[in-house]
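Please look over the chain below before reading on.

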Amino acid sequence: MSLSSALNTAGTGLATAQAQTRITADNIANAMTPGYVKRDAVIVTTASGGSAVSEVRRDVDAALVRMARTESGKMARQEAIQEGLTGYTLYLGQPGDGLSPADKFSTFNTAMTTLVNMPSSTGAQSAAVYAAEDLAASIRGASDTLGSLKVEVDMEIRYEVADLNQALYDLADLNKNLRDYDPGTLEAAQVADTMDGLLDRVAEIVGVRITESSDGLISVYTNGGAALLEGTQVQDVTYAPGEGRFFAGEAEITPDRDGIRGVEEGSLAGLAELNGDILPRFQLQLDEYARGLIEAFEGADASLSAGEAGLFTDNGDAFDAADLDGLASRIRVNDAVSQSGDSEVWRMRDGMSATAPGDAADATQVQGFIDALDAPVGADPDTGIYAGVSVADFAAEMISSQSAERARVESNYNAALSAAEMVQASRQNVEGVSIDDELQQLMLIEQSYAANSKMLTAVAEMLDTLLAAV
């Protein structure tokens with residue numbers, strides 16, 4: 001080897017060691033930085049026999065990244081549903097806790113049984129009215145809570161859509177500016193980290209397929225194939241709250257809709273399932289329960305004329321079959337017996353429209369009310385509750401149905417969370433920085449630097465000797 005070759009080898013070796021040191025230092029400094037992917041220096045031999053860092057490579061496993069984003073989308077869908085249902089089902093309560101509509105009905109049923117045995121007792125009549133008002137209040141409360149939850153879900157959908165569009169536009173900007181960064185540089189690696197973070201966020205909101213063109217441009221599609229981003233062209237995602245439909249540009253991407261290349265996973269799919277299926281079903285169950293109570297007491301009250309309201313009313317009116325939607329939020333006890341109305345509690349014995357108090361010992365009408373509670377509700381099949389369930393059993397059946405839905409969702413969420421964490425841990429093992437490994441790498445770089453420095457010193461001494469001999 002000539003002295004010039006040795007000088008070139010040592011010089012490029014020092015430059016390579018310097019570049020390696022910078023990369024390793026960046027790895028150590030960003031070991032705890034979210035979204036940072038470990039970098040490695042790719043070293044090659046130059047034409048002159050020296051060495052150089054040809055590329056700064058990110059430690060990425062493309063298959064693991066795809067799996068992580070897929071599982072993250074599945075988990076985000078179940079999490080959105082689970083979080084939405086938790087507060088409502090806690091408010092609704094469980095049979096036996098004294099707070100649920102089922103327990104309120106049990107108290108009311110007990111009060112009615114007491115009244116049939118003591119029809120002349122003003123205290124028993126008042127207790128039945130109080131129990132009826134508590135039952136109606138619990139149904140209204142559940143319906144109002146459900147309505148508030150629906151408003152929150154609608155708002156959360158808007159936030160998620162806004163976040164999704166912002167991420168897509170940020171990706172489009174990075175695609176547009178991608179040509180400004182030389183491939184294989186630290187700057188390009190930093191841009192790739194930013195893009196990966198944005199893509200991870202998009203995958204949490206909507207299940208996606210991601211493609212990369214030969215020139216490095218990223219395109220994003222829903223799992224169904226609808227375009228969200230193609231190069232620098234963004235298809236704005238919009239939400240039509242009245243219809244519960246989603247669009248990407250002109251293409252509909254509503255989750256779980258037949259014939260639509262829509263969203264299959266992600267938080268938007270979970271929120272859409274809440275809004276379009278679960279919450280409407282829960283509301284229908286409450287409305288059907290309210291209908292069952294109102295109709296049972298209207299049908300059993302011999303004192304009523306056509307169009308007159310019974311013990312339970314629709315804001316004071318008789319039941320109107322054309323106005324079922326939201327009935328649970330309007331159920332009230334008849335003002336004739338209500339504590340906030342006329343408080344003529346004797347009507348619990350004689351009927352809501354009785355012209356005057358009847359025989360104090362006659363419990364015929366009270367028994368008629370009790371018997372009516374054994375009639376089947378005939379609930380809408382969309383409630384998921386058997387049509388033959390009686391008014392007396394409907395509340396417990398409804399709560400069991402809604403609690404089972406919550407249990408199913410929690411099971412699905414826990415399973416999805418476990419899968420997502422497992423894949424994410426594998427991804428982190430590949431992409432994450434090990435401080436121990438980086439410190440060992442620094443020791444190797446130090447040895448390389450020392451060896452190249454020694455070679456430079458040796459070449460300098462040789463040159464000095466040659467010059468002295470001239």
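Two strands are said to pair if DSSP finds at least two bridges between them. Helices (H or I, at least four residues) and strands (E, at least two) are DSSP runs, numbered from the N terminus. This is a predicted model, in which local features need pLDDT of at least 70 and side-chain atom pairs count only at pLDDT 80 or more, while totals for chains, interfaces and linings use all residues. Residues are numbered from 1 along each chain as its sequence is written, and side-chain values use heavy atoms, with hydrogens and water left out.

Strand S1 (residues 39-45) is paired with strand S2 (residues 51-58) in the antiparallel sense, over seven bridges. Within this pairing, Val42 lies opposite Glu55 of S2. The hairpin of S1 and S2 has five residues between its strands, and Gly49 there takes a positive phi near 95 degrees.

Further along is an open sheet of three strands in the order S7-S8-S9, with antiparallel pairing. Strand S7 (237-240) and strand S9 (251-252) each have a single partner strand and stand at the edges, so one side of each is left without a neighbour in the sheet. Strand S8 (residues 245-248) is joined to S9 by two bridges, and Ala248 has Ala251 in S9 as its bridge partner. Helix H4 (residues 122-177) packs on this sheet and touches S7 and S8 (contact means heavy atoms within 4.5 Å). The direction of H4 makes about 165 degrees with that of S7; axes are lines fitted to C-alpha atoms, for helices over the stretch in contact, and angles run from 0 to 180 degrees between N-to-C directions.

Two packed helices are described by the angle between their axes and the distance between the axes. For helix H3 (residues 101-117) and helix H6 (residues 267-300), the axes come within 13 Å and cross at roughly 15 degrees. That makes H3 roughly parallel to H6; angles under 35 degrees count as roughly parallel, over 145 as roughly antiparallel, 65 to 115 as roughly perpendicular and the rest as oblique. H3 contributes Pro101, Phe105, Phe108 and Met112 to the contact, and H6 contributes Tyr289, Leu293 and Phe297.

Tyr289 also belongs to an aromatic pair. Rings of Phe, Tyr and Trp (its six-membered ring) pair if their centres lie within 6.5 Å; planes under 30 degrees apart count as stacked, over 60 as edge-to-face and the rest as tilted. The whole structure holds eight aromatic pairs. The ring centres of Tyr289 and Phe394 are 5.7 Å apart and the planes are at 15 degrees, so this pair is stacked. Tyr289 is in helix H6 and Phe394 in helix H9 (residues 391-431), 105 residues apart, and the pair thus links distant parts of the chain.
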